[in-house]
Amino acid sequence: MPQSNPRGTRIAHIGLAVTSIEGLLPLYRDVLGMPEVPLDDADGARIAGLAAGESLVELLESADPGSPIGKFIAKRGPGIHHVCFAVDDLDGSLERCRAAGIRLIDEVPRLGAEKKRIAFLHPASTGGVLVELMEY
Ligand code: ZN
């Protein structure tokens, strides 16, 4: 089997669904000492990035009740929304997911908040965790 992931799959970020970014920034930034990383808003959510080593924590606040984060919070309350893994070859990773029968939310990669190619896997195929794959 070809080695398509020479750097190995890494944790890129953990997405937390929050009701108020401002309410939680003091904890993550000031108390826990995680520097802020500017990120664009995406998918109807305001996003605050906080560096945790080579990974990020993303605070996701709904800017629209109909957005994925808005619906998530309405249904389940705030909490861990998704885990994002960095891969070297997103197309290859998606091909392997397809071959393994994993249900994809994004059949075709798109650009995410960090301006990198992303695709989500469906929680029904991942043990109940929304998994994002990001190429870099
Ligand atoms: Zn994400």
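Predicted model: local features only at pLDDT ≥ 70, side-chain atom pairs only at ≥ 80, totals over all residues.

Residues are numbered from 1 along each chain as its sequence is written, and side-chain values use heavy atoms, with hydrogens and water left out.

The protein has three helices and eight strands, where helices (H or I, at least four residues) and strands (E, at least two) are DSSP runs numbered from the N terminus. Followed along the sequence, these elements come in the pattern β-α-β-β-β-α-β-α-β-β-β. The C-alpha trace spans about 45 × 30 × 25 Å along its principal axes.

Buried residues make up 42% of the 136 residues, where buried means under 20% relative accessible area, exposed over 50%, and partly exposed in between (1.4 Å probe, protein chains only). Among contacts (heavy atoms within 4.5 Å) between residues at least 6 apart in sequence, 54% join residues at least 24 apart.

The zinc ion has as its protein donors His13 (NE2), His82 (NE2) and Glu132 (OE), which lie 1.9 to 2.1 Å from it. Donors here are N, O and S atoms within 2.8 Å of the metal (3.2 Å for Na, K and Ca), and because water is not among the atoms, sites may look incomplete. The sequence spacing of the donor residues is H-x68-H-x49-E. His13 lies in strand 1 (residues 10-18) and Glu132 in strand 8 (residues 131-135), so this pair ties together parts that are 119 residues apart in sequence. His13 counts as buried because its relative accessibility is 1%, and Glu132, at 4% relative accessibility, also counts as buried.

Is Leu111, by the cut-offs already given, buried or exposed? With a relative accessible area of 58%, Leu111 is exposed. Leu111 lies in strand 6 (residues 110-111) and, leaving aside its neighbours within four places in sequence, is in contact with Lys116, Arg117 and Ile118. Leu111 and Thr126 are 15 residues apart in sequence and, C-alpha to C-alpha, 22 Å apart in space.
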